[in-house]
Amino acid sequence: MSTEDKANQISSEAQDQEPNNPISDPAAPQSGDGAAGPITLFFIIGLAASLILGWVIFPQLLYSSKEQPIHFNHALHNELVDDGCQSCHFFREDGTYSGVPKLAQCIDCHEEIQGESPEEEKFVTQYIEKGREVPWLIYSRQPDCVFFSHVAHVKMAQMDCATCHGNIGESENLKVYQANRITGISRDIWGQSIAGFKRNTWDRMKMDDCSECHQRENVNQNSVQTLKGGCFVCHK
């Protein structure tokens, strides 16, 4: 065997002993590329489940629903009174607001059952005749640490009732009252949308909404930096 043949034989044996390490083809599919699809799908499913849990299921667990003791018909009463909302919700001589009517305001018209409504019969027999105040559930009742002045907003600022309370004067039935199981505060304060979205001025009554309106109307801007003129205007 010649010297050249021996060299070729040695080279061939060396190549056979080397590990198979082919050069990777850039166009060939990589092993990690197939995981991108399932990861993206898992992320979308997780996001959707989180939104459903947080925005749909959680509010149902957080809030308890209660029916009002009487289904009051605002639309019917507004047809029979002259002053609209002020006929039942008025300012007293000392400037305080009457809020929810007491039996004394209702007896003149409801001393006897009017019409054939089951709610009217219930109101007269269970409350008027027994002298019991109706335990109304107040949608707009703020926490105890908050002071709200109706006279400042209705009389001084000339705000319409619907700005905060919506078109309740046109309703024929009272909506279901929802209360936060933790704080006991009405859901109307925080709003129906747990995400904080709102379409109308009356969708919620949070401090952020009050502050936004005050800034827009330039209310108390000179004194808002001071302790007495700022926080303590609305907070006890």
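Asn218 is exposed, at a relative accessible area of 56% (exposed is over 50%, buried under 20% and partly exposed in between, with a 1.4 Å probe and protein chains only). The model is a predicted one, in which local features need pLDDT of at least 70, side-chain atom pairs count only at pLDDT 80 or more, and totals for chains, interfaces and linings use all residues. Residues are numbered from 1 along each chain as its sequence is written, and side-chain values use heavy atoms, with hydrogens and water left out.

Asn218 lies in the loop between helix H9 (207–216) and helix H10 (231–234); helices here are DSSP runs of H or I with at least four residues, numbered from the N terminus. Its phi is near 55°, a positive value in a residue other than glycine. Most residues other than glycine have a negative phi. Gln158 also has a positive phi, near 55°, and sits in the loop between helix H6 (150–156) and helix H7 (162–165). Gln158 is exposed, with a relative accessible area of 63%.

Turning to the helix pair, the axes of H4 (residues 103–110) and H5 (residues 118–128) come within 12 Å and cross at roughly 125°. Axes are lines fitted to C-alpha atoms over the stretch in contact, and angles run from 0 to 180 degrees between N-to-C directions. H4 and H5 are therefore oblique to each other, the class left once angles under 35 degrees (roughly parallel), over 145 (roughly antiparallel) and 65 to 115 (roughly perpendicular) are set aside. Leu103, Cys106, Ile107 and His110 of H4 meet Glu120, Phe123, Val124, Tyr127 and Ile128 of H5, contact being heavy atoms within 4.5 Å.

Conventions. Helices (H or I, at least four residues) and strands (E, at least two) are DSSP runs, numbered from the N terminus.
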